[in-house]
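This briefing is meant to be read alongside the sequence and the coordinates. Please keep both open while going through the points.

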Amino acid sequence: MPTDKIVVLSDIHISTDIKTSWYQKSLHEPYLSAILDNVIRDKDSIQELILLGDIFDFWTFPPNHRPPTFTDIINANPNILGHEGKLSQVLTALQGRVTYVNGNHDMNVTQDDLRQIKNSSNYQIKYCQDPIYYVQTTSGKKIAFTHGHIFTIFNAPYLESEIKPLPVGYFVTRAVAYMLNKTLKPGETVADLPDQGAPNGISDLSEITSGLESLISSGNVVNVLLEYIATKTGMSEEEPIILPNGETKTIEDAKRLYKDLQNQWVNNYGFKTFSKSVYADFNGTYMPWFAQQSALTSNSDLIVLGHTHFPKLGIKNGLVGYANNGFQCPSSPDILRGKQVVNFTVVDTDKCEASVYMAAKGEGTSYQISSYPAPTDSVISGASMDYSCYVIIDNTKGNSQLDLIESSAQNGYYVVNPPQKILPGEIKKFWIQDNVGLSGSQGQVTYSVNNGQRLLLQYACPTGFSSNKCSGANFYTCNDGVNWGKLNEIKKMGHPFFVRFVL
């Protein structure tokens, strides 16, 4: 019977072995086979295998090449996807406990597609309809799994055009494939080049990323990006791009299709979130910010992402557990020089903790599985400082239901709003972050309790030499969310500021 582990694979990008595909069977199949063999061996301790997006790739194709069907990819990879392939063997070993969550490069994959992966025991991969998959542990913890592209403006599904849900990033990747198709030497593939496998399709974005602030404030990030990519790749804006359904579109068409994208993000999420989504798309910055926001909003204790192709483990001074899965299709030069490795994640559901692992070539034809020292990540960028207040309201021993009356932010803004209701026995968390400037964050929230009284909770993490503050109930404080001080003792200096009100 299953016990305590969830194995997470993402960003395999398996396709038809065209030379512009990041995944090349001769290089990457042995790594993937070794990981799946490891799952089969450990089946008795594995609760579930989660395929967390970009398992398949329908994007990395030159414009004049119609992308493959799901059947084409199965037929091109029988050792992995065939009736007796490794994935079918995993389905049998885990008795069908395999779940699929879409990414951006495989956002067209459906349950009907997954049924084509045949299994002698008639097990099928379970398709998750939602972009975020949740697992409730036996200890009452909640774990969230999502590919991560939904947080990025250029790769999130776009449902406002006639080619929905394809996003702007689709055209970027097809243009990059155009360039690579023309520059690769005879017999050479993308996997033979250094610095490949970037989730946006192009490794060198230094010219445009150096001016991201100007790009964001330009008022039309889509046009600037598409014009830059056309120039960078040498592809005409009128070059026909064959879509999966056989129709053709151009970069010029894309400008029209996504002309309202920026305004929609700003209107729906606010300018700060829009700006962060642009950074997240170009270099992965702020992905932990989005991950933590999503986890806190859903009351999850741990969240696992993919998409960025860079493994990470933990958020520095964060309020939730976090892991980024890395990817499984680094190029041969990047593997040889140790720049990139083949990564995956294992979640211990008993402890609600994630660990990042790697597959590496051993002696002869063997491949080894071992832990990988993935670095932590941060909700802020570069040399910025985080003067957030992370607030926990612990009502596990309380007898009263708390109902929100009002909340306010004197300084900063709520990334995650205070919860509307907190039941007896519940713990809820929220987050107020500072704006750019010298004020830090400061806020308060008022709840009504069963006896008609009001509960006012206040918290502040100012900059400079001013002291952190909190009041309104018994509390514990700290600067890292781990090393809590004594009851009702304020950690006056340091940032961010964590407050756990105990009712």
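The structure is a predicted model, and its protein chain holds 14 helices and 24 strands. Because a compact globule of 503 residues would have a radius of gyration near 23 Å, the 24 Å of the protein chain agrees with that expectation.

**Overall dimensions and surface**

- Along its principal axes, the C-alpha trace of the protein chain spans about 75 × 55 × 40 Å.
- Of the 503 residues in the protein chain, 55% are buried, and the chain exposes about 20,800 Å², of which carbon and sulfur atoms supply 48%.
- When contacts with a separation of 6 or more are considered, 67% of them in the protein chain are accounted for by residues 24 or more positions apart.

**An open sheet of 5 strands**

- The strands of this open sheet follow the order E18-E16-E20-E21-E22, and their pairing is antiparallel.
- Strand E18 (421-422) and strand E22 (469-471) are the edge strands, each of them pairing on one side only.
- Within the sheet, strand E16 (residues 402-411) pairs with strand E20 (residues 441-448) in the antiparallel sense over 7 bridges, and Ser408 has Gln444 in E20 as its bridge partner.

**His28 and its surroundings**

- His28 is part of helix H1, which covers residues 25-41, and it counts as buried because its relative accessibility is 1%, under the 20% cut-off.
- Once residues up to four places away in sequence are set aside, His28 touches Trp22, Tyr23, Ala191, Gln328, Cys329 and Pro330.

**Gln340 and its surroundings**

- Gln340 sits in the loop that runs between helix H14 (332-336) and strand E12 (342-348), and with a relative accessibility of 9% this residue also counts as buried.
- Apart from neighbours within four places in sequence, the contacts of Gln340 are His309, Phe310, Phe327, Pro330, Asp334 and Ile335.

Technical notes
Residues numbered from 1 in each chain as written. Predicted model: local features only at pLDDT ≥ 70, side-chain atom pairs only at ≥ 80, totals over all residues. Heavy atoms only, no water. Pairing = 2+ DSSP bridges. Helix = DSSP H or I, 4+ residues; strand = E, 2+ residues; numbered from the N terminus. Rg over C-alpha atoms; globule rule 2.2 N^0.38 Å. Buried < 20%, exposed > 50% of the residue type's maximum accessible area, 1.4 Å probe, protein only. Contact = heavy atoms within 4.5 Å. Areas by Shrake-Rupley, 256 points an atom, 1.4 Å probe, with all protein chains shown as cover.
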